[in-house]
Amino acid sequence: MQKILVANRGEIALRIMRTIRKMGIKSVAVYSEADRHSPHVLFADEAVYLGAAPSSQSYLNGDKVIAYCKELGVDGIHPGYGFLSENAEFAKKVEEAGINFIGPGPEAMKIMGSKLAAKESVKKYNVPMVPGIDKAIDDVNLAIQVADKIGYPVLIKASAGGGGKGMRVVEKADDMQEQMERAISEAKSSFGDGSVFIEKYVSSPRHIEIQILADKFGNTVHLFERECSIQRRHQKVVEESPSAIVTPEMRKRMGEAAVMVAKSCNYTSTGTVEFLVDDKLNFYFLEMNTRLQVEHPVTEMITGLDLVEQQIRIARGEKLSFTQDDLSIKGHAIELRVYAEDPLNNFLPSIGTLTTYVKPAGEGIRVDDGYEEGMTIPIYYDPMIAKLVTHGKDRREAVQKMIGAIKNYKIEGLTTTMPFGIFVFEHEAFLSGRFDTHFVKNYYTPEKIKEKQKDNAEIAAIVAIKYWQERKKMLSPVEHKSTSWKRRLAH
Amino acid sequence: MPENNKTYMVKANEFVFSFGQEEIDKADMVKKNEEEFNLIRNNRSVNAKLLNADITGKLLTVEVDGENYDLVIKDELDQMLDKMGFSTVSSKHIKEIKAPMPGLVLEVAVKEGQEVKEGDKILILEAMKMENSITIHTGATIKRIAVSSGQAVDKGQVLVELE
């Protein structure tokens, strides 16, 4: 492979290009009208314009991407995550155009891309699954019947979904209609496929996933778990590896199940098998993500592997250079997704300009980002600014490093999820490892962050008054009449 | 007026505090250097850094625990001036609904002249690929719809006017 086009934007495009350059390969960036100034465009060897800012007119235009590849002599496409990354049609067209798609084959992608087809594929391998309906529904009455049978609350999920989009919890029959409409509409606009299905909503669930790596010679290994239970709006904010609750024995069983899921669809490249874990540590297969995951850096930090490099090597037909027995967990890694969101206002997007932007640095601190000071976060895409990752010899050290790194990460001009991060990393439930995906619902209120900010604001206020009074004293001795009088009397 | 009866009002970001001179005098603060201070308050040892101060010394920026606080100090004279020039008019009537975030208007669910009640859906705003129902928290009549579906709106932009 001589030249790779990265069909993505932001931090992930930049992160992929860094590995491409390290491997001595040329990189091609794509960009929309909103991203001309983005670091990924400035970093690349070549860059091509895709279209207007909305992703439907730019980053989702697969035909245009392929046409550019032919024009520029590109022999590999890396899709990153989101956008075209799990579009089997696109992957097929890429292959047909004689270009290497850096990811799984279109068949595996198609099976795992549909949560319903995935359940079907995995069935014969005895991998445990959550109760629910295994076909698409759009009939509200049927949905209510199914929900009555498996019991509320239920989860409406987009068959083509991912990242929590098109997913809705329904607590009671009355809400079914509105929630189904929203879920179907979101699924259509986000994935171009409106089919949804219903699953039992497991109470007190943890979300733990296994990273797998498979070459084109039938060798499949797992790179251990990632604990992704700290979420808001069903989307991950904090991830770590290893999980505080997974035992070596459970890790082995989950890893084997994940490898089985991958083998069931002849999977190649990197992939992630997601499991729900209940309060009794039973695990259930949820879905497989057929892409490089947002949170892949935590796995990289505990294994020492560059997953993008592995993807490229696998795509160009190399065998894995290690076996399962060669792999081990080194230390502990934690990731915080720094989103342009206001944790004091329901995590609503807080879009604006990065008037101050200074990253933390140091041993065991990694920042994957796609912005620079002065840039504006566009409203058209995911509001993630950066991923802040720390690595320590154990969990406690990784957490401490993270708290320090957050305090040294200076972002002004908009609010971010960082104060929420501090809240999590100082919370007893997180530190003890006893938490589930309801962490936010169970423990988090904006008032707790507010209280702390108020304490700190009060300290700032006292410092300010003291400073001002001291300065006033120095600048205007005239005000201190009493001393002058004393002095006069002493004479 | 004796110094120790003075009160100061300080605005720190969105917070407002009021201190008497005595409390300020009692606060246990030491200076590490020209910009760095340490304050022990409620047994907490906190470091603060002065990032900025204007010529009057009343507008400052102080960093505490990694966060910056913009401060405005008001002594008694400032507070008196504020009182004279400031009057508050408060109205419980909501006159308009503004966009809580920037986004794209997907669907407007009401018509001009329509009567709405608390909890009714006014429109759907899409931001970051999430659809958000904007509902009303009071009964009202829709006077004017200021946006149309497909339109991009900024945070704080008026979506509908009410009466």
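Strands here are DSSP runs of E with at least two residues, helices are runs of H or I with at least four, and both are numbered from the N terminus.

Which residues point one way from β14(A), and which the other way? I found A:H332, A:I334, A:L336 and A:V338 on one side and A:A333, A:E335, A:R337 and A:Y339 on the other, all buried.

Strand β11(A), residues 235-241, runs antiparallel to β14(A) and is joined to it by four bridges; A:E240 stands opposite A:I334. On to β19(A), residues 384-392: eight bridges link it to β14(A), again antiparallel, and A:L336 stands opposite A:L388. Two strands pair if DSSP finds at least two bridges between them.

**Numbering and confidence**

I count residues from 1 along each chain as its sequence is written, with chains lettered from A and ligands numbered from 1 in the order in which they are written. As the model is predicted, local features need pLDDT of at least 70 and side-chain atom pairs count only at pLDDT 80 or more, while totals for chains, interfaces and linings use all residues.

**Cis peptide bonds**

I found a cis bond from A:S241 to A:P242, with omega near -5°. A:P242 sits in the loop between β11 and α9 (248-264) of chain A. Another cis bond runs from A:Y152 to A:P153, omega near -5°, and A:P153 is in the loop between α7 and β6 (154-158) of chain A.

**Positive phi**

Which way does the phi of A:R233 go, positive or negative? It is positive, about 50°, although A:R233 is not a glycine. I located A:R233 in the loop between β10 (220-232) and β11 of chain A. A:R233 is partly exposed, because 13 other C-beta atoms lie within 10 Å.

B:N43 lies in the loop between β4 (36-41) and β5 (44-53) of chain B. With 5 other C-beta atoms within 10 Å, B:N43 is exposed.

How values were computed
Buried ≥ 20, exposed ≤ 12 C-beta atoms within 10 Å, placed from the backbone.
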